[in-house]
Amino acid sequence: MVKYALTAENVCKSVELDKNKLDIIKNVNFFVKEGEYVAIMGPSGSGKSTLLGILSCIDKQTSGKVMINNVDVGNLNKDELTEFRNNNIGIVFQSFNLISVLNAGENIEVPLFFSKKQIDWESKVDELINIVGLRDKKKSFPRQLSGGEQQRIAIARAFAGEPKILFTDEPTGALDSENTEMVLKIFDKFKKKYNMTIITITHDTKVAERADRIVYIKDGELYERNFENDK
Ligand SMILES: Nc1ncnc2c1ncn2[C@@H]1O[C@H](COP(=O)(O)OP(=O)(O)O)[C@@H](O)[C@H]1O
Ligand SMILES: [Mg+2]
């Protein structure tokens, strides 16, 4: 039986704007298998970030159902949702959002403050900082790191709580091609090593091509493209 990391059924999001209803996400159906790496592409303003916000439980849909690891996240109260997110979800944004007064190693530790899992902090930080190739920068502060290095630390941080699913919104949008390649290699490693499910928004076809599957969003509607049909 296929195991799904995430299912979204008939998901809609609308907001009130000047007394008009604006439909941002329109009846999205989206199924992602465990260990699958999916890229979401679409023009600016098409609803990518809004959809990712809903799927990663930052934002709530207006209607429809989102299940992550077989949990209907719409049924969780605020505290349950926070705990669920801490245990199951990692997020990486285009802007690295590291905490400036903490060094690289301490930034990676942040999710562990909120985790109830039995994770050995020191070995977890060492494991992750090795995977992102920045062991010698463990004591460096964000301002002492390049953009690419900051993003690699942000990625290590996203993995610290051992999430089952990683969401990323233009993770390479602020990086040059060399750093983009480094970040993509890190995602490949996590997929291989931990069977991580990854859902990534990108404008960059080079990034999208690394995924198992690409879906497209336009005016709030999601389109699947079945590459099997192209062969
Ligand atoms: N809270 C909101 N209120 C009004 N409009 C919004 C809100 N959130 C998003 N939008 C609009 O919805 C559309 C989709 O936004 P977004 O998801 O950020 O697109 P993308 O990430 O694809 O560029 C945009 O036109 C944006 O202006
Ligand atoms: Mg966006």
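**View 1. The packing partners of helix α6.** In this predicted model, the buried residues of α6 (buried: under 20% relative accessible area, 1.4 Å probe, protein chains only) pack against β3 (37-41), α4 (121-131), α5 (147-160), β7 (165-169), β8 (197-201) and α7 (205-208). Contact means heavy atoms within 4.5 Å; helices (H or I, at least four residues) and strands (E, at least two) are DSSP runs, numbered from the N terminus.

View 2. Residues 177-194 form α6, and its 18 residues reach 26 Å from the first C-alpha to the last, close to the expected 26 Å (1.5 Å times one less than the number of residues). Asn179, Thr180, Val183, Leu184, Ile186, Phe187 and Phe190 are its buried residues. Asn195, with a positive phi near 50°, follows α6.

**View 3. The open sheet.** The order of the four strands is β2-β1-β4-β5, with antiparallel pairing (at least two DSSP bridges between two strands). At the edges, β2 (20-33) and β5 (71-72) each pair on one side only. Strand β4 (residues 63-68) pairs with β5 over two bridges, and Ile68 stands opposite Val71 in β5.

**Conventions.** Residues are numbered from 1 along each chain as its sequence is written, and chains are lettered from A and ligands numbered from 1 in the order in which they are written. Local features need pLDDT of at least 70, side-chain atom pairs count only at pLDDT 80 or more, and totals for chains, interfaces and linings use all residues, while side-chain values use heavy atoms, leaving out hydrogens and water.

Definitions and conventions: Buried < 20%, exposed > 50% of the residue type's maximum accessible area, 1.4 Å probe, protein only.
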